Amino acid sequence: MRNYDDPVYKKFRMDVLKRDKFCCKMCKTSGKKKKMYVHHIRKWASASSLRFDVNNGITLCYNCHKEVTGKETHYESYLLGLIDG
């Protein structure tokens, strides 16, 4: 189970948010007006070696996060392209 208070997780989350400039990478919504989520591109449960890898995280707004959650396999290459580009 994920511990959101874990300092390693907090650092991972902040590093992803900073890299993405606190902006949703899918719809470009700014985090200044909305809460931003850090989503694991490859699921937390199935990719334990990538849990704290910044390149496996992406900043998403609520609506985009809701859209991709549970469909990570379908969105994986698309999301990876957003952080590379």
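Visitor: Quick one to start: is lysine 21 buried or exposed?
Guide: Lysine 21 is exposed, since its relative accessible area is 67%. Exposed means over 50% relative accessible area, buried under 20%, and partly exposed in between (1.4 Å probe, protein chains only). This is a predicted model, where local features need pLDDT of at least 70 and side-chain atom pairs count only at pLDDT 80 or more, while totals for chains, interfaces and linings use all residues. Residues are numbered from 1 along each chain as its sequence is written, and side-chain values use heavy atoms, with hydrogens and water left out.

Visitor: Where is lysine 21 found?
Guide: In the loop between H1 and E1. Helices (H or I, at least four residues) and strands (E, at least two) are DSSP runs, numbered from the N terminus.

Visitor: And what phi does lysine 21 have?
Guide: A positive one, about 55 degrees, although lysine 21 is not a glycine. Lysine 28 also sits in the loop between H1 and E1, and phi there is near 70 degrees, again positive in a residue other than glycine. Lysine 28 is exposed, at 54% relative accessible area.

Visitor: Switching to the helix: which residues of H1 are buried?
Guide: Tyr9, Phe12, Val16 and Leu17. They lie on the same side of H1, because they cover an arc of only 130 degrees around the axis. That arc is taken from the directions from the helix axis to the C-beta atoms.

Visitor: What's exposed on the other side of H1?
Guide: There you'll find Pro7, Lys11 and Lys18 exposed.

Visitor: On to rings. How many aromatic pairs does a search of the whole structure find?
Guide: Six. Rings of Phe, Tyr and Trp (its six-membered ring) pair if their centres lie within 6.5 Å; planes under 30 degrees apart count as stacked, over 60 as edge-to-face and the rest as tilted.

Visitor: Why is the pair of tyrosine 9 and tryptophan 44 edge-to-face?
Guide: Because their planes are at 80 degrees, with the ring centres 6.3 Å apart. The pair links distant parts of the chain: tyrosine 9 belongs to helix H1 (residues 7–19), and tryptophan 44, 35 residues apart from it, to the loop between strand E1 (36–40) and strand E2 (57–61). Both residues are buried.

Visitor: What about tryptophan 44 and phenylalanine 52?
Guide: Those two are an edge-to-face pair as well, 5.7 Å centre to centre and with 90 degrees between the planes. Tryptophan 44 has a relative accessible area of 14%, while phenylalanine 52 counts as partly exposed at 37%.

Visitor: Which residues do ring pairs link into a cluster?
Guide: Tyr9, Phe12, Trp44 and Phe52.
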